[in-house]
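Colleague: Please take a close look at the salt bridges in this model and go through them one by one. I would also like to know how accessible the partners are.

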Amino acid sequence: QVQLVESGGGLVQPGGSLRLSCAASGNIGSINTMGWDRQAPGKQRELVATITSGDSTNYADSVKGRFTISRDNAKNTVYLQMNGLKPEDTAVYFCNALIQAPGRPWLSNHWGQGTQVTVSS
């Protein structure tokens, strides 16, 4: 009933930039926290960044100073601006949203399908 659609992934050279977007749609009453995870080949899934409904942010140490998470509440969209990309940033990036359905007292987590980011010369 809730869909998260990601865009913006691709191939970029080291030092380059990408901007990921993820728009939530469907049976949404309100969105609490949104965020991005990533999973590199052969590695565990890692939390990259989160942003609350009040725009409080949290970043993994590995991306602090290079990545910026933001959201547009009117569009139910979360963004991840990635600057100074490194080969070790290569991974599948997944967006996440903690959503309360209309008329429901609980929240539930939803994930996008993932988008590939490859940093290589």
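**Salt bridges and their partners**

Lys 64 is partly exposed, at 49% relative accessibility; by the cut-offs used here, buried means under 20% relative accessible area, exposed over 50%, and partly exposed in between, with a 1.4 Å probe and protein chains only. Lys 64 pairs with Asp 61 in a salt bridge whose closest N and O atoms are 3.1 Å apart, where the term stands for a side-chain nitrogen of Lys or Arg within 4 Å of a carboxyl oxygen of Asp or Glu. Asp 61 itself counts as exposed, at 65% relative accessibility.

Within it, the side chains of Arg 38 and Glu 46 meet at 2.9 Å, N to O. Arg 38 is buried, with 6% relative accessibility, whereas Glu 46 is partly exposed, with a relative accessible area of 29%.

Asp 37 also takes part in a salt bridge, with Arg 45 as its partner and 3.6 Å between the closest N and O atoms. Asp 37 counts as buried at 15% relative accessibility, while Arg 45 is partly exposed at 39%. In total, the structure holds five salt bridges.

On the basis of these values: this is a predicted model, in which local features need pLDDT of at least 70 and side-chain atom pairs count only at pLDDT 80 or more, while totals for chains, interfaces and linings use all residues. Residues are numbered from 1 along each chain as its sequence is written, and side-chain values use heavy atoms, with hydrogens and water left out.
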